[in-house]
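Subject: Structure handover

Hello,

Please find the structure we spoke about below. My notes on it come after.

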Amino acid sequence: MSQPALFEPFTIRNVTMRNRIWVAPMCQYSCFNEDGIVGDWHMAHLGSFAIGGAGLVLAEATGVTPEGRITPRCPGLWNDEQIAAWKRVVDFIASRGAVPGIQLAHAGRKGSDSPPFDYEGKSGTVPITAGGWKSVAPSAIAYPGHDVPHALTISEIQVIVDAWASAARRAVAAGFRVIEIHAAHGYLLHEFLSPLSNQRTDDYGGPLKNRARLLLEIVSAMRAEMGDDIPLFIRFSATDWTEGGWNEQETSIVADWALERGADLADISSGGNVSGIKISVGPGYQVPLAMHVKEHSKMPVSTVGLITEPQLANEIVESGKADAVLIGREMLRDPHFALRAAIELGADISYWPGQYEWARPRKA
Ligand SMILES: Cc1cc2nc3c(=O)[nH]c(=O)nc-3n(C[C@H](O)[C@H](O)[C@H](O)COP(=O)(O)O)c2cc1C
């Protein structure tokens, strides 16, 4: 019996995802302290998606340096203690047959933000005196609601490239089998890509080749640390949704340059670098952006954004609009979305958990 397209395995390099239903990276602001160390929340949260049949479980934006975190409660991979904490979670995900993945990130000018809950009612930029830090960016241009960042010098940029490479090495040591670079949503690498936030006049600003330089240096440095087996994804915001901003044409060009340096898949999202933009959203609203990149580059692509129904997810993959779908908020409502999709689409899967066999619909 042929499987629905959504349930076809997908292999990149030496890693096979059992299906095309992947968990989108989602910040949890839930490290116990401000040490970037994950704990039981992450085990229960990410573990439930693996039990629930997802092909790939992508852990949230994880700082490559302490200043690369979005908030002081976000996780990190800048030291070896953090490897051990992640390994526990990773081993459980893998034991359930899902591929454990991690999104590495640098928050740039949007860093040092207050966690959105349980933070003693505080909001806005966390002051340095209260455990925050001076944020950094390509240019000293503030994102509304945030402090003016420090414009990185060339030598500071090189330190950041090394931090991404070291974090990739630690991610591999923790057992992650997919690593994603966060180059979207107005964080550091998107800030370099977009002419709206990058007004440098040196080798890292101006023409596209220069704005993409940091991302491409990071891809090369990470690939050198990761070896050849493990897929490297890049999450792009394919558009700033505004005239004169970053767009899907530039995304497609940079995707191909990144492919040549060892990246494997473009995970297509949008927005986040310009405040106050009105976007008309609806089911699968970012699929056309993924299709654009798929048509205009050689990169495989995934899509994300308001995909909440198995039928829509399957149609996207079956019609070749994207190679996989990432599911975010619907996974929070139903961590077993992939099991539900298997029932609704009539897929025959081998990874229904034995512990949950009594909940499996009987074949007629
Ligand atoms: C609570 C929450 C946290 C998020 N954190 C991240 C993140 O760490 N990295 C990222 O690239 N996107 C993040 N996102 C965006 C999601 O990955 C996804 O792109 C977005 O929610 C749209 O997909 P959805 O409609 O399926 O939720 C987050 C979204 C939510 C709801």
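The notes below go from the overall fold to the aromatic rings.

This is a predicted model, in which local features need pLDDT of at least 70 and side-chain atom pairs count only at pLDDT 80 or more, while totals for chains, interfaces and linings use all residues. Residues are numbered from 1 along each chain as its sequence is written, and side-chain values use heavy atoms, with hydrogens and water left out.

Overall fold

The protein contains 11 helices and 12 strands; these are DSSP runs numbered from the N terminus, with helices (H or I) of at least four residues and strands (E) of at least two. Its radius of gyration is 20 Å, close to the 21 Å given by the globule rule for 364 residues, so the protein is as compact as a globular protein of that length. That radius is taken over C-alpha atoms, and the rule is 2.2 Å times the number of residues to the power 0.38. The C-alpha trace spans about 65 × 45 × 40 Å along its principal axes.

Of the 364 residues, 58% count as buried (under 20% relative accessible area, with exposed over 50% and partly exposed in between; 1.4 Å probe, protein chains only). Among contacts (heavy atoms within 4.5 Å) with a separation of 6 or more, 71% are between residues 24 or more positions apart.

Aromatic rings

The model has 5 aromatic pairs. Rings of Phe, Tyr and Trp (its six-membered ring) pair if their centres lie within 6.5 Å; planes under 30 degrees apart count as stacked, over 60 as edge-to-face and the rest as tilted.

One of the pairs is Trp22 with Phe233: the ring centres are 5.6 Å apart and the planes are at 20 degrees, so this pair is stacked. It links distant parts of the chain, as Trp22 is in strand β3 (residues 21-23) and Phe233 in strand β9 (residues 232-237), 211 residues apart. Trp22 is buried at 0% relative accessibility, and Phe233 is buried at 1%. Together with Phe10, Trp22 and Phe233 form one aromatic cluster.

Another pair, Trp86 and Phe176, is edge-to-face, with 5.4 Å from centre to centre and 70 degrees between the planes. Trp86 lies in helix α2 (residues 80-95) and Phe176 in the loop between α3 (154-174) and β8 (178-183), so the pair ties together parts that are 90 residues apart in sequence. Trp86 has a relative accessible area of 1% and is buried; Phe176 also counts as buried, at 2%.

Regards
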